[in-house]
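Trainee: Could we go through this model together, setting each term against its definition?

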Amino acid sequence: MKIRIAKKAGFCMGVRRAVNLVLEALNKKKYPIYTYGPLIHNPQTLELLNKLGVKIIKDFKNDSPSGVCIIRAHGIPPQEKEELSKKHEILDGTCPRVLKVQALAKKAISEGKEVVIIGDKEHAEIKGILGYCQNKGYVVSSFEDLKNLPELKNYVILSQTTQDEKLFQEISQAILKKYLKGEIINTICKATEVRQNEVRNLSKMVSSIIVIGGKFSANTNRLAEIAKKEGKKVYLIEKPEEIPLEEIKKEKSVAITAGASTPNWLINEVVDFLKSHTSKFYLFLKHFSFLSFLHSFNLVLLFWGFLNFTYPLNQKNFFLLLSLFSFLMLKYNLENLQNLRSFEFYYSIKAIFIKKHEKLIKFLLLFFSLSCAISSILYHPKVLALFIVLLILNQALFRSLFHFIMEPLIFTALILFFYPLFNLSFFLIFLQTLFILIFLHLYFESVYSQTDGFLPSNFLFALLGYKEERLYKLMLFLIFLGVIFTLPLIFINKFFIILLLLWLFAYKLYVFSKNRPLGQIVYLENLSFILPFTFSLLSIILSYV
Ligand code: SF4
């Protein structure tokens, strides 16, 4: 079965912005934290917020203790905002595009005009815009409502940002025909239009479409309606378990899309559910990554690559690599168990996997503890002492922001332990490996930040104020450093020019992650392997020249 995933689905800019405000408040521990109304129309995200202690205020007159109150992307009437601000610190998550519609309504009223809004009367966004209309705003949801409109003399027509383009055009033309002196201002958000057009295009390529989103989400339902109109079988689901697996397996091809309030982690769950039942290759990659083979091999390959520049692999070095690999499997799998609760908030498919394979992970812990002890002793007992110290340090830093230094620290400790006196070329190669390690850390964080989940506060991303641009700038800076520090190596030996290939691949990874492909988290994680693998390959080639 071919699975196509919409390029534009899930959280739109406005919703992501509002969710990030909650994240910031959580990170700064500004309790109590409230959202004025449910933050988004997605029950799963609301459940997570509830677990994190974020409460919902339904009425601005309520008597909840003072705290921080986040206004959701739909916006609210100005009167309610003023009342709320008397008691709470307001973090305004109103989407800038909704703010624009509110401003247009306010301007029209100040010019003595009336406002007609084409949208859903009950929707929070409409109620918010009406708050700026001083009783001169009218909502039209269907042709039926036209007869309820008063005599309009001078007016503007606005649209709900998630309104269907075709319906808006038809209704607004009908109003204009009835009352001549009106102005149409199309305020439909492009994000909605792009998603709807993509569903139309996807419908031409597949036999059925899965639409993920809250059953009460207007834009999710609209996507499902569009797919139905295109003659496709539609599965509107809130969670993967609702997919009729046996039925859908019979389909030749299926497309997946999601409403603007559906988080990417939920899209990942649905893709994972389908792929896990239809692709052996996907299952292999998932086990490779979730059981920590990927992360362990990444560091071992970098270390092995470095060894190739110093001493080629011999039997003794083999024990060193085995002990390092075992130590890393121990470290990462231990962290997996300890991180289980955090994964539930930002990497749900990994949380589900770990719960399911808890016994296997515990067995791996035991196995690699023994393997680490034996291989370390066979190499040199001092190595075992070093690993014990590193493991204790790792546990001490585990919940802190400095945990990200552990990989560079492990790598540096090993190098200094074995090669305390190295020359300029070794130093430059050592720097290359350090840059790769830090780059990979940032790359993983950028991939995890795309799940739209609630990231733990020990992420560097939290330190960067949850601003993705900063994360990407840092990644670019590391690529720049990598290239700059390759130049002296080329000066020493011209064959070192092939190391630039590494930074070309790093740039490719940067581009992949920046494009935010949906539902590809397992593939994106495994793509990281390309850097250590290339480094070790290049080190073999360069050790011969
Ligand atoms: S759909 Fe558009 S207007 Fe509405 S919250 Fe999202 S980005 Fe803003």
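Trainee: In what kind of crossing, left-handed or right-handed, does helix 19 pass helix 21?

Mentor: Helix 19 passes helix 21 in a left-handed crossing, a term used if the near helix is turned anticlockwise from the far one by less than a right angle. This is a predicted model, in which local features need pLDDT of at least 70, side-chain atom pairs count only at pLDDT 80 or more, and totals for chains, interfaces and linings use all residues. Residues are numbered from 1 along each chain as its sequence is written.

Trainee: Why is helix 19 called roughly antiparallel to helix 21?

Mentor: Helix 19 (residues 424–449) and helix 21 (residues 468–484) pack at an angle of about 160 degrees, with their axes 10 Å apart. Angles over 145 degrees count as roughly antiparallel, and therefore helix 19 is given that name relative to helix 21.

Trainee: Which residues make the contact?

Mentor: With contact meaning C-beta atoms, placed from the backbone, within 7 Å, the residues include Phe-435, Phe-439 and Leu-442 of helix 19 and Leu-471, Met-475 and Leu-478 of helix 21.

Trainee: What makes strand 1 and strand 11 edge strands?

Mentor: The open sheet has 4 strands in the order 1-12-10-11, and the pairing is parallel. Strands pair if DSSP finds at least two bridges between them, and strand 1 (2–5) and strand 11 (233–237) each pair on one side only.

Trainee: How do you know that strand 10 and strand 11 pair?

Mentor: Strand 10 (residues 208–212) and strand 11 are joined in the parallel sense over 5 bridges, and the bridge partner of Ile-210 in strand 11 is Tyr-235.

Note on methods: Axes are lines fitted to C-alpha atoms, for helices over the stretch in contact, and angles run from 0 to 180 degrees between N-to-C directions. Helices (H or I, at least four residues) and strands (E, at least two) are DSSP runs, numbered from the N terminus. Angles under 35 degrees count as roughly parallel, over 145 as roughly antiparallel, 65 to 115 as roughly perpendicular and the rest as oblique. Two residues are in contact if their C-beta atoms, placed from the backbone, lie within 7 Å.
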